[in-house]
Amino acid sequence: MKKILLSLLALAASFSFALASTTYDFSASLPSGWTSNPAPNSFENPGRGAQFAATTTLTLPNVTDVAKVTIEGASNINNYTIEVLVGTTSFGTQTIPQGNDQTWEFNGTTSSGDLKIIITKATKKSVYIKTVTIDGEATQGGDSTTVTPVEGLDPNYEYAEPTIVTNTDSVGSNINYSFISNNIEVKATTGARTSTFFSVNAGQSITFTATQPMKAIVVNGYVKKDFEAEASAGELAYVDASEEEITAEQVLAVTDIDTTSLTISCVKQLRCYSVAVYFNENPEIDIEGGEEEDDYSFEWEPTEIKTINVTFDSIEVTDMTENLGYACTGLYLMSEEYEMELSVFASTIDSITILPVGTYAINDSYEENTVMASPGGYEEYDFPSYLITDFEQDPSSGAWYYNTVYYLVSGTLEIAEVEGGAQLTIHATSHFGSTINATYSIGAIQPDIDAVENTSIAVQVAKHLHGGQLYIERNGQLYDIVGRKL
C-alpha cells in the first residue's frame with residue numbers, strides 16, 4: 001500500500017510514524033522532513049518534479065528497516081548518476097538516461113539510519129525527482145528548509161555583516177574544488193583557485209553554503225564576454241557583458257536568498273576576487289544590465305496571422321559547441337524572399353545531414369536536442385529562432401534592410417536522411433500565431449561543402465535602424481537578400 005504524505009498530516013503532528021511503504025511528493029516543494037544541499041533549482045515543472053542542476057544530496061533522517069527505495073523522475077541528458085544510502089549501506093548507483101516519466105529502483109540489505117539520495121552532475125542540463133517511495137519506516141517532521149550540516153562548518157559560528165569570502169591558496173585550474181572561508185564553504189564543479197581569485201568555468205556551477213540562511217551575496221570579480229547565469233534561489237542580477245568582458249566591485253549579486261545554500265550556474269567564466277555574504281538584510285545593489293534588464297519585445301512581428309511556406313536554397317552552418325562549452329549549432333537558411341536563423345542545442349556531425357537525424361522541438365527549455373524559441377528582440381537585435389522578410393535596398397548606400405520578423409516560439413525541426421542527401425523540414429508557430437512551413441534539401445553533391453562546414457555567422461543578426469528602415473549585418477559585414485556579402 002502506498003500513502004502520499006500530506007502537508008496537513010505533517011502540521012497536525014510533528015512526529016508520526018509512516019506505514020511500511022511511504023511515498024514523498026517532490027512536485028511542488030521539499031516534503032516535510034527532507035533537506036537538500038544545495039537547494040533544488042526550481043519547482044516550476046510539477047509534472048517532472050524538483051529540478052536539480054548541480055551535485056546535490058537529499059536527506060531524510062532516521063529511517064528504519066528500509067530494504068527498497070523507488071524514485072520517479074526525469075532527466076534532460078544522459079550520464080547524471082544517483083546513489084542511495086541508508087545509514088552506511090549503499091543501495092547502489094545508477095546512471096540516469098535522458099527521458100521523462102522514469103522509475104529507478106534501489107535495493108539493499110535491510111538497514112536503518114539517515115536516507116541519502118546523492119545526485120551527481122556530469123555535464124550541463126538538469127535531472128528531476130518527482131516522488132520517492134521507501135519500503136520501511138521513517139520518523140516524519142522537521143524543517144524542510146534546513147540544510148544538512150557541512151563537515152568543517154561550525155554550527156555556532158557568529159557571522160559578520162557582511163562576511164567576506166576570499167581564497168589565497170594557489171591550487172590549480174580546471175579542477176573541482178572546495179574550501180572554507182569564514183565558516184562558508186565554497187564548492188565548484190570545475191574552476192580555478194589562485195593566490196588572487198577563485199573561479200568557476202564556463203558551463204559549470206559554484207555553491208556557497210553557510211550554517212545560517214543567507215540573505216544576499218555580492219561578488220567583486222570578473223566575467224567573460226556574453227556571461228549569463230542562473231541561481232538556485234533568490235533574485236539574480238549581473239553586469240551586461242554582451243559587448244566585452246567586465247571587472248567590477250559588483251559584477252554579480254543575489255538577493256533574498258533565504259536559505260543556507262546557494263548554487264550559481266554559469267554559461268561563461270566567473271572569477272571571484274572576494275564575495276560579501278549578508279545575513280541580516282539585502283545591501284544596496286548597483287548593477288547595470290544583466291538578467292534583470294533583458295526586456296525583450298515582440299513588437300516587430302506582425303499581429304496579422306498568416307501561413308508562410310518557404311523553400312530555402314542555401315544554408316550557413318556554425319558549430320558553436322567549443323566556444324559556448326555546450327552543444328549548440330547555428331543554422332542560417334536563405335531564399336530570395338525569406339531568411340531564417342535557428343539555434344539548435346546539438347553539435348554538427350557532417351556536411352550531409354549537418355545534425356543527427358531526428359526531430360527537434362522548438363521550445364524554451366534549452367535542453368539538449370531542442371531548438372531555441374525566440375525570446376523576442378531589442379531595437380538593435382533579434383534573437384533566434386526567427387524568420388525575417390520584406391527586404392529593401394537603400395539606393396544611396398546599397399545596404400539591404402528587413403522590415404518584418406516572425407519570432408518562432410514552438411514547433412519542430414525535422415532532419416531526415418533521403419536518397420542522395422538529406423532534408424530539413426521546419427513546422428513552426430510564431431509569437432502571434434502565424435504558421436511557418438519551410439524546407440531545405442541537401443543534395444548528394446554539395447556545391448561547396450567546406451562553406452557549409454566552416455562558414456561562421458553571428459549567433460544573432462544585427463538589426464540597425466537607418467532612415468526608418470533596417471538592414472542585415474552579421475559579423476560586422478552587410479549581406480544581400482540571399483546571403484552574399486556586399
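Two strands are taken as paired if DSSP finds at least two bridges between them, and strands themselves are DSSP runs of E with at least two residues, helices being runs of H or I with at least four, both numbered from the N terminus. By this rule, β13 and β18 pair in the antiparallel sense over three bridges. The structure is a predicted model, in which local features need pLDDT of at least 70 and side-chain atom pairs count only at pLDDT 80 or more, while totals for chains, interfaces and linings use all residues. Residues are numbered from 1 along each chain as its sequence is written, and side-chain values use heavy atoms, with hydrogens and water left out.

The protein holds three helices and 32 strands. Of its 486 residues, 50% are buried, where buried means under 20% relative accessible area, exposed means over 50%, and partly exposed lies in between (1.4 Å probe, protein chains only). The accessible surface amounts to about 21,700 Å², and carbon and sulfur atoms account for 46% of this area; the areas come from the Shrake-Rupley method with a 1.4 Å probe, and for residues only the protein chains shown count as cover. With contact defined as heavy atoms within 4.5 Å, 65% of the contacts between residues at least 6 apart in sequence join residues at least 24 apart.

Seven of its nine residues are buried, so β18 is largely enclosed by the rest of the structure. Leu270 of β18, in turn, faces Val200.

The interior can be followed through its nonpolar cores, each being a set of buried Ala, Val, Leu, Ile, Met, Phe, Trp, Tyr and Cys residues joined through side-chain atoms within 4.5 Å. In the largest core, which has 43 residues, Phe198, Phe208, Ile217, Leu252 and Ile264 touch the most other members. Two or more residues come to this core from each of β11 (172–181), β12 (184–193), β13 (198–200), β14 (205–223), β16 (235–238), β17 (246–266) and β18 (270–278). In soluble globular proteins, nonpolar side chains tend to be buried together.

Charged pairs come next. Six salt bridges are counted, a salt bridge being a side-chain nitrogen of Lys or Arg within 4 Å of a carboxyl oxygen of Asp or Glu. Arg48 and Glu367 form one of them, with their closest N and O atoms 3.0 Å apart. This pair links distant parts of the chain, 319 residues apart: Arg48 is in the loop between β3 (42–45) and β4 (49–52), and Glu367 in the loop between β23 (358–363) and β24 (370–372). Both partners count as buried, Arg48 at 12% relative accessibility and Glu367 at 17%.

Asp256 and Lys215 form another salt bridge, at 3.3 Å between the closest N and O atoms. Because Asp256 lies in strand β17 and Lys215 in strand β14, the pair ties together parts 41 residues apart in sequence. Asp256 is partly exposed at 34% relative accessibility, whereas Lys215 is buried at 19%. The side chains of Asp226 and Lys225 also meet in a salt bridge (3.4 Å, N to O). Salt bridges with shared partners join Lys215, Asp256 and Asp258 into one network.

Asp258, in strand β17, also has a positive phi of about 55° although it is not a glycine, and at 47% relative accessibility Asp258 is partly exposed. Asn183, likewise not a glycine, has a positive phi of about 65°; Asn183 lies in the loop between β11 and β12 and is buried at 7% relative accessibility.

Two cis peptide bonds complete the backbone details. One runs from Glu161 to Pro162, with omega near 0°, and Pro162 is in the loop between β9 (127–138) and β10. Another runs from Asn37 to Pro38, also with omega near 0°, and Pro38 is in the loop between β2 (35–37) and β3. Asn37 and Pro38 are among the residues in contact with Thr56, which is placed in strand β5 (residues 56–75) and is buried at 2% relative accessibility.

Methods: Lists of a residue's contacts leave out its neighbours within four places in sequence.
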